[in-house]
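Colleague: Hi! I'm new to this one, could you walk me through it?
Modeller: Happy to, here it is.
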Amino acid sequence: MLDFGWCFVPLFYYVDKEAVKQSIYGGLIASGWHIVVFAMRIYSENYLSQVVNLGSPGGDELRWDKPVFPGDELSVRVTVLEARRSESRPDRGIVRTFVEVLNQKREVVMSMKMVNFVRRRESAGIK
């Protein structure tokens with residue numbers, strides 16, 4: 001956590017153990033961008049298919065709902081919001097997902113909506 005903070009977002013509540021004691025957090029917290037990187041690692045390793053994933057045009061509605069403290073245990077939950085055929089490229093599909101990062105209390109600490117392009121397979125009788 002500290003290394004990430006010092007390297008990418010050197011704000012006192014991510015890197016200064018003494019100064020942060022007087023903050024609204026009372027102790028060090030993880031950078032929200034660190035949590036995004038964690039979520040993307042889990043999302044890409046466990047949800048995105050290495051066979052059909054064609055990339056993403058981006059995400060929307062990124063939220064950091066609660067701070068993440070040292071020792072928190074995080075998990076990721078992915079919910080498919082929409083899956084449809086691309087109108088402009090019928091060999092592809094578009095999948096929208098809601099990605100949530102939860103702490104050990106099952107509280108949502110971060111969420112975002114992602115869009116991914118995927119390769120479609122031919123269905124029987126559908127072209």
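Predicted model: local features only at pLDDT ≥ 70, side-chain atom pairs only at ≥ 80, totals over all residues.

Colleague: Great. How many helices and strands are there in the protein?
Modeller: The protein has 3 helices and 4 strands. Along the sequence they run α-α-α-β-β-β-β.

Colleague: And what does the C-alpha trace span along its principal axes?
Modeller: About 65 × 30 × 20 Å. The radius of gyration is 18 Å, while a compact globule of 127 residues would be near 14 Å.

Colleague: How much of the protein is buried?
Modeller: Buried residues come to 29% of the 127.

Colleague: Which residues touch the most other members in the largest nonpolar core?
Modeller: Those are Ile35, Val101, Met110 and Met112, out of 13 residues in that core. The elements giving two or more residues to this core are α3, β3 (92-102) and β4.

Colleague: What is Val101 in contact with, beyond its neighbours within four places in sequence?
Modeller: Its partners include Ile35, Phe38 and Ala39, along with Leu74, Val76 and Met110. There is also a second, separate core of 5 residues, with Phe4, Val9, Tyr14 and Val15 among them.

Colleague: Switching topic: which residues lie nearest the centre of the largest pocket?
Modeller: Ile29, Ala30, Trp64, Lys66 and Pro67, from a lining of 14 residues. Two or more lining residues come from each of α2 (12-15), α3 (32-46) and β4 (108-119). The pocket holds about 150 Å³ of space.

Colleague: How does the lining divide into nonpolar, polar and charged?
Modeller: The lining has 11 nonpolar, 2 polar and 1 charged.

Definitions and conventions: Residues numbered from 1 in each chain as written. Heavy atoms only, no water. 1 Å grid on protein atoms, 1.4 Å probe; cavity = no way out; pocket = protein on both sides within 12 Å on 5 of 7 lines; lining within 4 Å. Points joined across faces, edges and corners; volume = space filled by probe spheres on them. Nonpolar A, V, L, I, M, F, W, Y, C, P; charged D, E, K, R; others polar. Core = buried A, V, L, I, M, F, W, Y, C linked by side-chain atoms within 4.5 Å. Buried < 20%, exposed > 50% of the residue type's maximum accessible area, 1.4 Å probe, protein only. Contact = heavy atoms within 4.5 Å. Rg over C-alpha atoms; globule rule 2.2 N^0.38 Å.
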